[in-house]
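Here are my notes for your first look at this one. Keep the viewer open and follow along as you read.

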Amino acid sequence: MAEIIVASGKGGTGKTSLVGALVRMAKKTTAVDCDVDAANLHLLLSHEIVRSNEFSSSRCAEIVDTDCSGCGLCEELCRFGAIERLYDEESSRENRFVVDPLSCEGCGLCFHVCPDRAITMQPVISGQWFESVTEFGPFLHGRLGIAQANSGKLVTLLRRKAREVAELQKCRTIIIDGPPGIGCPVIASMTGADYLLIVTEPSKSAVHDMERLVMLARQFNMKTGICINKCDFNPTISRNIEAFAFTEGIPILGKLIFDRGFVDAQIAGESYLDRACAENTQAISHIWQEIENSIIDTQQSPTGKFSV
Amino acid sequence: MRIAFASGKGGTGKTTLATNMAAVLAAVETGISYIDADVEEPNGQIFLSPVVRDIIDVKVPVPIIDEGRCNLCGICADVCHYNAVAILGKKAMVFDSLCHSCGACFVLCPEKAISERQRSIGTITCGRTGKADFIAGCLSVGEALSPPLIRMVKNMISDERTAIIDAPPGTSCPVVEAVKGCDFVVLVTEPTPFGLNDLELAFGMLEEMHIKCGVVINRSDLGDPSIKKRIEEKGMKILMEIPFCRKTAEAYSNGVLNSRIDPVFADMMKRLYEIIGQEVNHG
């Protein structure tokens, strides 16, 4: 079983639309939406939720006011600025402390040091995750609670579940819709995956972000391919991307032209393949073919994975 | 005043609006700062080409364990909520990349065997672009945690200035850190189902944080016209609609500030700033 992650660095380059199309190309696969901050794949893949689960991995400090003697040690030691000192008008007590849940990272230092034992650590429900099915196979997706932390942990959980169901359902591939950026959720989406497909577009920003993603992929020794979306939008930068890919030894798997079908499919809640122009359909089919070949390579190669 | 540009969904036009607004304002006002808080993928410098004054190495504390003093009691591993310390065999090990720098192990070690060293996680570039201050955070590739860097970027904003903050996409910790303490957040979206879905999440986040916000619909004529109505139905205020313009998109792709070549767009940015001012004062 091979895990393929689609990522981009920069947001809005077409990751999710392409994942929707690749899932259909794969015919049978397990799809995972690891962009848990702003999940969208469920809007494209018609699915049925089989089970919803709560995700809770964080906790938040709470100060029991009646037990607190107001020593202020928690405020002094907290490195996240999560403890606020309030003036209590009723008792005209100056040292009243409360926790700002948006700043608290749940480390528990205040809980451990409080001489009055006035602090408790409360679990926080930080999201939900869903086991669904589509006509192409299992689909795992999540929704991080609003303004919650720990997206990396939810990503890791989704990927572990995906491997379990893919095994059970005998899927040869897992296709992961990755988050933007290069930080914690991206690293969690990429760790241990077999293939990274970078979707970029010909703009200076997208190229800059792609280069950082390629640096990250090298640290992970990931086998990588590039897809240039909207390649006709700026042919000069498009050629620069091809030159960059050539010097880095990364194959360009396909180039897609700017096509309103992307937006039309999204509005209709359909796969892009239902609305794609002939050129792009062919390009996506080629991209999938190339990925499949690379994965087989990996599986057959006695030395295992090789670098990008 | 602090104004942040955020979005939920990536690629909707946060950086385009933030950089152009900073440039347009700096041409007529003093005391403008552009702050790039999208530290995972900072793009502001592409458009604003700052004259760099200083590049600051940003460091966070991580524990180091004095093996001579450590008696392997394991309290550090027990109290670490992030699994960044573990007792493996006859050695306490620290995993730097998991550490949140909370200091719990350092404070609670009964043998005083833990001290802290400073570890670099990224840089902050300070400079000027025209008459505006330019401050941009850049996370080192391979680092997972951006919030501490974003926090330090924001610590450099001086209160007397008008700060235009370019926030990262999403709705979790990095964005929360970037918009915290802002007077107003501009949510940039596009009229598509993805745009609407992520806009609602970002709006929910700001409601939870009690921060005033308004919506700019970018590429307003590409997509589903019914989405505008749905945004209003959800109780969000639409500040401005910006139609798709191939020239704008081309300028963006070449890293050119659109307001420099398109006076109509420059006027829109001024107008948007006025609308934001009214919203902050009366809205």
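The points below go from the ground rules to the interface, the salt bridges and the helix packing.

1. Ground rules first: this is a predicted model, where local features need pLDDT of at least 70, side-chain atom pairs count only at pLDDT 80 or more, and totals for chains, interfaces and linings use all residues. Residues are numbered from 1 along each chain as its sequence is written, chains are lettered from A and ligands numbered from 1 in the order in which they are written, and side-chain values use heavy atoms, with hydrogens and water left out.

2. Start where the chains meet. On the chain A side, 58 residues are in contact with 60 residues of chain B (contact means heavy atoms within 4.5 Å). About 5000 Å² is buried between them, and carbon and sulfur atoms give 58% of that. Buried area here is the accessible area (1.4 Å probe) that two parts lose on being put together, summed over both.

3. What holds polar partners across that interface? There are 32 residue pairs in polar contact between chain A and chain B, both residues at pLDDT 80 or more. A polar contact is a pair of N or O atoms within 3.5 Å; within protein, one must be able to donate a hydrogen and the other to accept it, and residues adjacent in sequence count only if both atoms are side-chain atoms. On chain A's side, the largest share, eight residues, comes from H7(A). Helices and strands are DSSP runs (H or I, at least four residues, for helices; E, at least two, for strands), numbered from the N terminus.

4. Now salt bridges, meaning a side-chain nitrogen of Lys or Arg within 4 Å of a carboxyl oxygen of Asp or Glu. For one to look at, B:Arg151 meets A:Glu105 at 3.1 Å, N to O.

5. Over in chain B, helices H1 (residues 14-28) and H11 (residues 263-282) pack at about 90°, axes 9 Å apart. They are therefore roughly perpendicular (65 to 115 degrees). Axes are lines fitted to C-alpha atoms, for helices over the stretch in contact, and angles run from 0 to 180 degrees between N-to-C directions.

6. Compare H7 (residues 193-209) and H8 (residues 226-233) of chain B, which pack at about 10° with axes 11 Å apart. That makes them roughly parallel (under 35 degrees). Here B:Pro193, B:Leu196 and B:Leu199 meet B:Ile227, B:Arg230 and B:Ile231.

Notes: Parallel < 35°, antiparallel > 145°, perpendicular 65-115°, else oblique.
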